[in-house]
Amino acid sequence: MIGTVFRSEDVPSPDRFDFWREILGRTRSSDMASAHAGDFWAELRVMELGPVTVTPLSFLPTRFRRGPRTAHAGDPGVYHLSLLLDGGLTLEHAGREATFGPGDVHLADSARPYDLKSAVPTEGGVVRGVGVDFPRALLPLPSRRVREVLGRGLPGREGLGALLTDYLLGLDRQADTLRPCDAPRLGTVVLDLVSALFAQALDDEGVLPQESRRRVTGAAVRDFIRRNLHDPELTPPAIAAAHHISLSYLHRVFQEQTPGESGETVAAWIRARRMEAARRDLADPALRATPIHVIGARWGFPRASDFTRAYRAHHGAPPGEHRPGTPPRR
């Protein structure tokens with residue numbers, strides 16, 4: 001398991017807001033105020049991934065203010081990235097004021113004052129998002145260029161923004177099964193994706209280290225594969241063409257950057273993901289009436305015989321044996 005979880009209902013009502021403010025203040029020190037402080041509700045998970053901290057959180061409308069004196073006297077030297085998932089936020093920072101909605105990403109500098117407040121359409125609406133905090137020195141972009149994106153909204157639902165969003169949400173979903181020893185590597189990938197997103201926004205991708213660019217390409221390839229497992233034409237040449245890279249570069253990057261699976265080919269990784277997905281569907285009672293060949297086609301095997309053969313080779317049993325209520329072989 002990675003991360004520390006806080007749920008407001010686990011704390012006596014009078015202490016909830018102060019306790020939540022203390023936890024959040026460990027990475028985002030600011031003056032916090034809420035009209036709901038007397039009966040506050042919030043949930044968050046703090047995941048320390050090496051020098052990168054990722055914090056999925058949900059909370060009732062709150063205002064976060066970091067004044068000039070606090071910013072200069074107690075600067076921890078970090079950037080704060082925020083991905084908004086639900087609700088709305090208005091940010092005054094670095095000479096800009098902007099309102100963000102679901103799917104937007106914005107960046108703030110702890111050395112500069114900011115005023116961040118909820119801007120939700122309904123009274124008492126919950127704000128949900130993910131915070132990412134990391135040392136300024138780790139962002140491989142000149143600080144003068146980073147100033148150009150402070151307080152600006154960037155899309156988190158397309159391109160590199162969508163890749164970052166999916167990765168952060170995946171960390172939250174898998175936090176209970178991830179191991180502490182995985183944390184530094186996971187933090188490196190987060191930082192690579194954040195760096196690539198802002199380098200692209202500044203049209204300055206060339207400033208990124210080659211190793212970082214390879215890791216981002218590897219993450220993009222794996223995401224592309226997961227989203228296209230249903231396609232029978234999902235092959236290494238098609239994947240390389242979709243990412244405008246050579247087939248040899250695809251294999252090299254993939255094998256370098258596929259976590260914990262060094263040496264596995266692209267085709268083998270695709271096959272393993274398809275077999276995992278097919279087994280989940282076969283074991284799902286809600287899909288008990290769905291023919292096996294339909295499940296096979298759903299995961300890239302239009303021919304039933306090909307699916308049965310691949311499934312048996314991967315799982316050691318035919319697909320029918322993994323349906324609910326199927327008696328085991330004797």
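This is a predicted model: local features need pLDDT of at least 70, side-chain atom pairs count only at pLDDT 80 or more; totals for chains, interfaces and linings use all residues.
Helix H6 gives the largest share of the lining of the second largest pocket, with 7 residues. Elsewhere, the largest cavity draws on a set of strands, S11 among them.

**The second largest pocket**

- The volume of the second largest pocket is about 300 Å³.
- Its lining is made up of 15 residues, and those nearest the centre of the pocket are Leu160, Gln200, Val216, Thr217 and Ala220.
- At least two lining residues come from each of helix H4 (159-174), helix H5 (183-201) and H6.
- Sorted by class, the lining of this pocket holds 7 nonpolar, 4 polar and 4 charged residues.

**How H6 packs against H9**

- Two packed helices are described by the angle between their axes and the distance between the axes.
- The crossing of H6 and H9 is right-handed.
- On the H6 side the contact is made by Arg222, Ile225 and Arg226, and on the H9 side by Val266, Trp269 and Ile270.
- In terms of class, the contact of H6 with H9 counts 4 nonpolar and 2 charged residues, with no polar ones.

**The largest cavity**

- How many cavities of 30 Å³ or more are there? The count comes to 1.
- For the largest cavity, the volume is about 300 Å³.
- Its lining has 22 residues, with Arg28, Phe64, Ser82, Leu89 and Leu116 lying nearest the centre of the cavity.
- Two or more lining residues come from each of strand S4 (52-59), strand S6 (78-86), strand S7 (89-93), strand S9 (104-109), strand S10 (114-118) and strand S11 (127-135).
- Which strand gives the largest share of this lining? That is S11, with 5 residues.
- By class, the lining of the largest cavity divides into 13 nonpolar, 7 polar and 2 charged residues.

Notes:
Residues are numbered from 1 along each chain as its sequence is written. Side-chain values use heavy atoms; hydrogens and water are left out. A crossing is left-handed if the near helix is turned anticlockwise from the far one by less than a right angle, and right-handed if clockwise. Helices (H or I, at least four residues) and strands (E, at least two) are DSSP runs, numbered from the N terminus. Contact means heavy atoms within 4.5 Å. Ala, Val, Leu, Ile, Met, Phe, Trp, Tyr, Cys and Pro count as nonpolar, Asp, Glu, Lys and Arg as charged, and the others, Gly among them, as polar. On a 1 Å grid over the protein atoms alone, a cavity is a set of points where a 1.4 Å probe fits but cannot get out, and a pocket is an open set with protein on both sides within 12 Å along at least five of seven lines; lining residues have an atom within 4 Å of a point. Grid points are joined across faces, edges and corners, and a volume is the space filled by probe spheres set on the points.
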